[in-house]
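Have the sequence and the 3D view open as you read.

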Amino acid sequence: MKTLPIYGTMAEFASANDLVAAARRTHEAGYRKIDAYSPFPVEELADAIGFHRNHVPLVTLIGAITGGLSGYLMQYWIAVISYPVNVGGRPYHSWPAFVIVTFEMTILFGAISAVVGMLALNGLPMPYHPVFNVPRFALASKDRFFLIVFAADPKYDARGTRLFLEGLQPRSISEVPS
Amino acid sequence: MADHLEEVEVANKRAPVIEPGHTFATVTDKISSIVLTRPTSMGWVVGFGACFLVTMMLLYALGYLFLRGVGIWGINIPIGWGFAIVNFVWWIGIGHAGTLISAILLLLRQSWRNSINRFAEAMTLFAVACAGVFPGVHTGRPWLDYWMFPYPNTMQYWPQFRSPLMWDVFAVSTYFTVSLMFWFIGLIPDLATLRDRAENKYAQMIYGLLAMGWRGSARHWARYETAYLLLAGLATPLVLSVHTVVSFDFAIGIVPGWHTTIFPPYFVAGAIYSGFAMVLMLAIPIRKIYGLEDFITERHLQNSAKVMLATGWIVAYGYAIEAFMGWYGGNRYDASLLWNRLHGPYAFWYYMLLLCNIATPQLLWIRKMRTSPVWLFLISFVILTGMWLERFVIVVISLTRDFLTSSWGMYYPTRWDWMTFVGTIGMFLMAMFLFVRILPMISIFEIRQLLPEAEVKSE
């Protein structure tokens with residue numbers, strides 16, 4: 001990937017409401033490579049920047065099914081094939097006794113997949129990111145809301161995008177060095 | 001939604017979830033300053049030091065146990081399960097309230113949970129860690145505990161998956177792992193807040209490492225919220241299963257007083273009962289000392305008291321059915337167990353149990369009791385004692401008098417039993433002391449969500 005001297009242009013807003021409205025207008029203006037930052041989850045925001053494909057549920061489902069299957073098959077293989085113990089002639093494949101470990105393995109693998117899947121899809125851990133070069137961005141984890149248009153966006157041009165963002169009446173605008 | 005909630009609250013004349021007048025900035029400052037700028041008080045040092053000494057006593061008791069074996073405890077045939085199992089069940093039960101608050105109340109959209117879920121989850125983790133000590137050391141040869149896990153080995157042997165003790169291994173280890181992940185995931189955005197606000201270089205580095213570069217991107221939040229909700233959905237059946245499986249350790253056996261189908265629901269209710277008592281015993285001093293009455297309001301105390309009252313009645317129902325079945329079931333061993341509980345050598349403790357778990361909590365019907373922190377603290381202490389006695393009654397009375405009079409015996413805990421038990425309480429409190437000092441004990445980002453200014457007006 002070609003490195004650009006400028007990573008993007010960032011606008012600061014005072015409330016979640018302003019940010020959602022600004023993000024909507026930016027997306028409507030045709031900008032696609034944008035992102036928004038808030039100090040708490042804002043449900044409407046993902047929709048406003050045009051993010052709809054969330055794969056976490058699928059990853060979790062696959063993990064949970066894998067966990068359940070491996071839990072059951074492990075017990076079957078141990079109790080029937082590898083280490084059969086004859087207890088008063090009872091069947092080796094005593095499936096009711098295997099339900100609990102199968103259940104626990106389903107939960108365990110599902111939960112691990114949800115967590116690891118979420119972090120991996122988010123690209124975390126990521127020790128360095130250009131947005132942190134903006135000093136005011138430290139407030140994104142407190143009480144300020146930020147919108148960024150990445151320089152990689154085809155519609156991006158440093159002057160025009162800045163003018164456009166100024167039209168959204170932000171509290172401040174800064175260029176993000178990469 | 002926040003407006004609507006306020007209207008309902010005004011209509012019901014209930015205390016608010018957060019005292020009015022807070023903004024994103026004040027919430028952030030208030031909670032993060034406890035960790036970042038508040039000086040370490042003398043009280044904290046003394047409290048932590050005392051708990052540290054008690055933890056050292058635990059290590060001493062365990063060291064001597066490893067040296068001499070479980071014979072230093074009061075257990076002997078017929079009572080092979082003494083304090084170790086009583087304490088294990090008690091601690092695991094206490095942990096349940098944390099998951100109930102963080103997962104089940106999240107799914108039920110109980111927004112008041114947002115101010116108590118963080119430290120309740122921490123409480124869960126530490127309680128499960130204390131619980132884990134006991135089955136670990138009561139095996140007799142704790143250095144071989146890894147035999148309980150299925151792994152390919154040169155002995156060509158595998159664990160027996162038809163045994164409830166194996167189910168327990170899987171249930172408890174899954175519970176601990178999932179609780180840890182749930183807690184850590186919940187912490188990430190707050191760790192980012194601490195990273196951005198810390199002035200000390202090392203604090204910045206450590207919180208920065210733990211926050212993993214979290215920057216609050218909308219895409220990240222969307223996936224984060226989904227993962228959090230899915231974890232809650234997975235943790236809900238999990239927490240109900242854990243005490244169910246613990247009760248199977250008893251119910252699958254044929255010992256009178258253990259072999260009953262009511263055990264799973266009654267254990268789960270008892271777990272939540274004792275867990276909320278522990279939540280209150282921690283929340284009441286913490287909110288006072290750190291001045292968090294704005295976030296942990298009267299409403300939280302009242303709601304917890306109501307949960308205790310409700311689960312207390314489920315537990316009372318469990319006792320009633322146990323006694324009724326002993327009389328009505330027609331099994332002479334069950335009848336004799338009932339007689340033993342009422343008149344046998346440990347009868348005093350059975351009556352104490354009824355006093356602690358059924359009689360005392362009825363005070364919570366009175367509104368004044370539910371809103372008075374001092375009374376709630378005392379009642380919670382009584383309930384925790386009662387729940388410990390319940391496990392003592394279940395484990396010990398059944399074992400002292402089984403089917404043959406020739407195998408009857410008595411159980412007397414030794415000082416090593418007591419040192420181990422008190423030691424785990426010290427370890428638990430030591431972990432809580434560390435937690436309130438180095439991590440935000442209230443979820444900052446979830447409190448921000450509850451503020452009226454967080455609302456987004458739909459166009």
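A polar contact is a pair of N or O atoms within 3.5 Å; within protein, one must be able to donate a hydrogen and the other to accept it, and residues adjacent in sequence count only if both atoms are side-chain atoms. This is a predicted model, with local features needing pLDDT of at least 70 and side-chain atom pairs counting only at pLDDT 80 or more, while totals for chains, interfaces and linings use all residues. Residues are numbered from 1 along each chain as its sequence is written, chains are lettered from A and ligands numbered from 1 in the order written, and side-chain values use heavy atoms, leaving out hydrogens and water.

**Helix α7(B)**
- B:N200 caps the N-terminal end of α7(B), with a side-chain oxygen 2.7 Å from the backbone nitrogen of B:Y202; helices here are DSSP runs (H or I, at least four residues), numbered from the N terminus.
- Buried residues (under 20% relative accessible area, 1.4 Å probe, protein chains only) of α7(B), residues 201-211, are B:A203, B:Y207, B:G208 and B:A211.
- Just after α7(B), B:M212 has a positive phi of about 60°.

**Chain B against chain A**
- In contact (heavy atoms within 4.5 Å) are 58 residues of chain B and 65 of chain A.
- Between chain B and chain A, 23 residue pairs are in polar contact, both at pLDDT 80 or more.
- α8(B) gives the largest share of chain B's side, 18 residues.

Note on methods. Helices (H or I, at least four residues) and strands (E, at least two) are DSSP runs, numbered from the N terminus. Buried means under 20% relative accessible area, exposed over 50%, partly exposed in between (1.4 Å probe, protein chains only).
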